[in-house]
Amino acid sequence: MWGPPVAPEAGEAALPDFEAQCQTMLTIAPKIISSIMGLYAPAFVSELKARGILWFANATTVAEAKAAEEAGADAIVAQGMEAGGHRGAFQASEAERQMVGLMALLPQVVDVVNVPVIATGGIADPRGIAAALILGASAVQIGTDSCDLRKRRCTQLMPTDLPCTEAHETMITRAFSGRPGRSAATAYVRATTAPNAPRPAPYPVNAD
């Protein structure tokens, strides 16, 4: 049921031309460009500055936030461990070990950087927004609420139980892309963490 084994070195497969993608973003020239799982190269950051494009850098630890500010980020998106989807950790191998909850991470980041901090990770109602602002966030980024498919017209295509999922019914998994991310603890996800389950193929093999 798991398919053929995949060698770790398969993760070294060539990715799409990142430099070309960056040049395309410069050509389009949006007001803001974000980053996740690392930092942009200094030359690209200089091009952003020259064009007046703001850079919002995702960070999951204080060290990442400081590194992003030093690299020229105009704002830090502080991602708590509660966040759904992929962890934005710079080092995939450290992602599970360095998980920090948003309400602990946020004030620490606010205290060490001099750029605006945007809070994200598990915020889905006014109480979470208020708490983040009290802890020093300049703004809040919300993804969880957008998962409420009951508000959308695509409910016939997708399940509607995700908004009712409790926090303890989620888990961190590498099953979908080879990098850690938070998912609903479905039967499939639980099966991938069983002792006899093979390790997920490395990123970017799974992601492709």
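Author: A nonpolar core is here a set of buried Ala, Val, Leu, Ile, Met, Phe, Trp, Tyr and Cys residues joined through side-chain atoms within 4.5 Å, where buried means under 20% relative accessible area, with a 1.4 Å probe and protein chains only. The model is predicted, so local features need pLDDT of at least 70 and side-chain atom pairs count only at pLDDT 80 or more, while totals for chains, interfaces and linings use all residues. Residues are numbered from 1 along each chain as its sequence is written, and side-chain values use heavy atoms, without hydrogens and water.

The largest nonpolar core has 27 residues, and Leu48, Ile76 and Leu106 have the most contacts inside it. Two or more residues come from each of H1, H2, strand E2 (54-59), helix H3 (62-70), strand E3 (75-79), helix H4 (102-112) and strand E5 (117-120), helices (H or I, at least four residues) and strands (E, at least two) being DSSP runs numbered from the N terminus. H4 gives the most to this core, with 4 residues.

Leaving aside neighbours within four places in sequence, leucine 48 is in contact (heavy atoms within 4.5 Å) with Leu26, Ile33, Tyr40, Ile53 and Trp55.

Leu48 also takes part where Cys22, Met25 and Leu26 in H1 meet Phe44, Glu47, Leu48 and Arg51 in H2. The axes of helix H1 (residues 18-28) and helix H2 (residues 42-51), lines fitted to C-alpha atoms over the stretch in contact, come within 11 Å and cross at roughly 5°, on a scale from 0 to 180 degrees between N-to-C directions. H1 is therefore roughly parallel to H2 (an angle under 35 degrees).

Methods
Angles under 35 degrees count as roughly parallel, over 145 as roughly antiparallel, 65 to 115 as roughly perpendicular and the rest as oblique. Buried means under 20% relative accessible area, exposed over 50%, partly exposed in between (1.4 Å probe, protein chains only).
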